[in-house]
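Colleague: I am new to this one. Could you walk me through its salt bridges?

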Amino acid sequence: LEATSGERHALLQAMQAPRAIRRLREISGAGVAERGDLLRVMRLRKRYTQTDVARLLGVTRVQITRWENNEVVPDDATLHTLCWHLQ
């Protein structure tokens, strides 16, 4: 998640999620999504709600919101678990 703008863009393209990418660009008004946007796209691709992810990780839904809004970054152990659940 510590990727450059170009790396994030390439990853989103590789995910083959054109609707999600288009929506993220509309929301942000920019051409490149932030790390929280990537988490949101991955969560939505699995059809999980924020509450679903919070239950899987043992955190609050508010914490998931803060990650997706780029307010905070999950710690390494939580990030590892998150990546595993979102594949």
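**Charged pairs**

Modeller: Start with glutamate 68, which counts as buried because its relative accessibility is 3%. Buried means under 20% relative accessible area, exposed over 50%, partly exposed in between (1.4 Å probe, protein chains only). This is a predicted model, where local features need pLDDT of at least 70, side-chain atom pairs count only at pLDDT 80 or more, and totals for chains, interfaces and linings use all residues. Residues are numbered from 1 along each chain as its sequence is written, and side-chain values use heavy atoms, leaving out hydrogens and water.

Colleague: How many salt bridges does the structure hold?

Modeller: A salt bridge is a side-chain nitrogen of Lys or Arg within 4 Å of a carboxyl oxygen of Asp or Glu. The structure holds 3.

Colleague: Which residue forms a salt bridge with glutamate 68 at 2.6 Å?

Modeller: Arginine 43 does, taking the closest N and O atoms. Glutamate 68 lies in helix α5 and arginine 43 in helix α3, so the pair ties together parts 25 residues apart in sequence. Helices here are DSSP runs (H or I, at least four residues), numbered from the N terminus. Arginine 43 has 9% relative accessibility, so it counts as buried. Shared partners join Arg40, Arg43 and Glu68 into one network of salt bridges.

Colleague: Where is arginine 40?

Modeller: Arginine 40 sits in helix α3 (residues 35–45). Its side chain meets that of glutamate 68 in a salt bridge, N to O 3.4 Å.

Colleague: Which residue pairs with glutamate 71?

Modeller: Arginine 66, in a salt bridge with closest N and O atoms 3.4 Å apart. Arginine 66 is partly exposed, at 32% relative accessible area.

Methods. Helices (H or I, at least four residues) and strands (E, at least two) are DSSP runs, numbered from the N terminus.
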